Each structure stands twice: as structure tokens, then as C-alpha cells.
Amino acid sequence: MTQQTIATTRSPAPSCDRQTSVTKSLLGYGVIAGPLYVAAWLAQALTRDGFDLTRHPASVLANGELGWIQVANFVGTGLMTVAAAAGVRRALGPGPGATWLPRLLGGYGVALVAAGIFRADPMDGFPLGTPAGPAAEVSWHGVVHFVSAGIGFWALIAACLVAARRFRARGDRTWAAYSTATGVLFLGAFAGIASGSANAAVTIAFGVAVVLAWAWVAALSARLYRAVTR
């Protein structure tokens, strides 16, 4: 009789919310994509002969015998960003940016994948043996690479500004300011590097802007991850 009473009063085991688990998994890719990209980029920049952070963009690392590492970096983190965009779409409620924020973030991810598939041309002494200065001739895959990268950067800038509008509409001034600052800083750095300037300050500023932009993607994904958990 006692065992029967216990059996009838015991609380049922909590059920697993599969949709929430999937959303959290997708957002998790957004948290780790940036750190993985930056770690792989800097590890190569500091160990590959001839590469100079003050002269060379990360794109040229896709050349040479170890170029496959940067190709995998572009493609892998690009796919992670697309997954994160799907998680953002699932996590966002109605309101400004609910449609375009995940689309723009996903566009940035697709552009990264394309930038990995279509390599930039060797330039300015990298890989070793490459003549100094910009590439004398730009290959077709070099053109596709820079077009893809440009589209991706514009998509990321727009994503930051769309997110700022959403946070502003919800009264979150801190995140609105953070998103706006990230978008504006990245826009300035992108304009500098797109001008073709070989100035070391411009190259370094763009590298810093890339790190800050990845940090924003990770922070946004982490914020939504916590919101979904609650």
C-alpha cells in the first residue's frame, strides 16, 4: 500500500524541450566561431614565414603549402556563423530586426565560406618568393574573393545597425550603443582597407576591427543563449 501511494504521488520526470535545445546549440556556434577564427589567424600570422600583420590581410594566408588551414578557417567559421544566424532567428521574438538581423548575419557567414573557397592572390612578399607590392595581375578567383568579402562585411555592418535599432526600440541603450559602435568602427576600418592603402596603421586597424566584430557576434549569441535558457 505504501509503495502504491509513493508511485501515485511522485512527480513526473521533467521533459526535454527539443526546440530550445536546438536553438541553444545553434547559438553556441556563434559564441565559439569568433574565438576560433581569431586563434587560427593569429597562430598562422605568428608562425608562417614571410607573413607580417602590419602588411598582410588574413586572406593571403590561404596561399602556400599551409594555405588549407586558412581555407578551413574561413569555411568552418562561416558555416558556424550561418548556424548561429539560424539560432538568432529562432531566439528572437517579434519586433524590429526579427527578419533582417538573422538574414544579414547569415549573409556574412555565407560570404566567409565563399572567401575560403575562392582564394585571394599572393601579394607583397607572401608566400615567400612573391614580389613586393600588390599583385601584378588579379586572378578571377581573387576577384570573387574580394567581392564576397566586401558583401560579407557590408552585411555584418548592417547587422550591427539593425541590432542597434532593435535594442533601442526595446529601451536597451547599452546594447544599442555597443552595436552601433561596432558597426561604425568596422565601417571605418573597412573603408580604410578598401581604399587600397598599404599603410601599416590601416592594416592593423582593420585587424582590430575584425576582432571587435567577432566579439560582437559572440556576445550577441551569448546574450540570446542566456535568454533562451531563462
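Is N199 buried, partly exposed or exposed? N199 is partly exposed, with a relative accessible area of 41%. N199 sits in the loop between α6 and α7. Its C-alpha lies 7.7 Å from that of R55, although the two residues are 144 apart in sequence.

The structure is a predicted model, in which local features need pLDDT of at least 70 and side-chain atom pairs count only at pLDDT 80 or more, while totals for chains, interfaces and linings use all residues. Residues are numbered from 1 along each chain as its sequence is written, and side-chain values use heavy atoms, with hydrogens and water left out.

The chain holds 7 helices and 0 strands. Helices (H or I, at least four residues) and strands (E, at least two) are DSSP runs, numbered from the N terminus. Along the sequence the pattern reads α-α-α-α-α-α-α. The C-alpha atoms fill a box of roughly 90 × 40 × 30 Å, taken along the principal axes. Of the 230 residues, 41% count as buried.

Contacts were assigned to heavy atoms within 4.5 Å. Among contacts between residues at least 6 apart in sequence, 70% join residues at least 24 apart. The accessible surface comes to about 12200 Å². Carbon and sulfur atoms account for 65% of that surface. Areas come from the Shrake-Rupley method with a 1.4 Å probe; for residues, only the protein chains shown count as cover.

The chain carries 17 positive and 8 negative charges, and their mean positions are 25 Å apart. Lys and Arg count as positive and Asp and Glu as negative; His and the chain ends are not counted. Each charge is placed at NZ of Lys, CZ of Arg, CG of Asp or CD of Glu.

Helix α4 spans residues 100–117 and has 18 residues. From first C-alpha to last, α4 reaches 26 Å, close to the 26 Å expected at 1.5 Å a residue. The expected span is 1.5 Å times one less than the number of residues. Helix α4 is mostly covered, with 13 of its 18 residues buried.

The loop between α4 and α5 (140–169) contains P127. A cis peptide bond joins F126 and P127, with omega at about -5°. D124 is in the loop between α4 and α5 as well. D124 is not a glycine, yet its phi is positive, at about 45°. D124 is buried, at a relative accessible area of 17%.

N63 brings another loop into view. N63 is placed between α2 (18–47) and α3 (67–91). Its relative accessibility is 6%, so N63 counts as buried. Leaving aside neighbours within four places in sequence, N63 is in contact with R48, R119, A120, D121, P122, F126 and P127. Two of these partners, F126 and P127, are the residues joined by the cis peptide bond.

L26, in helix α2, counts as buried at 18% relative accessibility. Not counting residues up to four places away in sequence, L26 touches A83, A84, A86, G87 and R90.

Aromatic pairs were then examined. Rings of Phe, Tyr and Trp (its six-membered ring) pair if their centres lie within 6.5 Å; planes under 30 degrees apart count as stacked, over 60 as edge-to-face and the rest as tilted. By this rule there are 12 aromatic pairs. The rings of F153 and F206 have centres 5.4 Å apart and planes at 75°, so this pair is edge-to-face. The pair links distant parts of the chain: F153 is in helix α5 and F206 in helix α7 (residues 200–229), 53 residues apart. F153 is buried at 15% relative accessible area, and F206 counts as buried at 12%.

W154 and F190 form an edge-to-face pair too, at 5.7 Å centre to centre and 80° between the planes. W154 lies in helix α5 and F190 in helix α6 (residues 173–194), so the pair ties together parts 36 residues apart in sequence. F190 is buried, with a relative accessible area of 11%. Ring pairs link F153, W154, F186, F190 and F206 into a cluster.

Conventions. Buried < 20%, exposed > 50% of the residue type's maximum accessible area, 1.4 Å probe, protein only.
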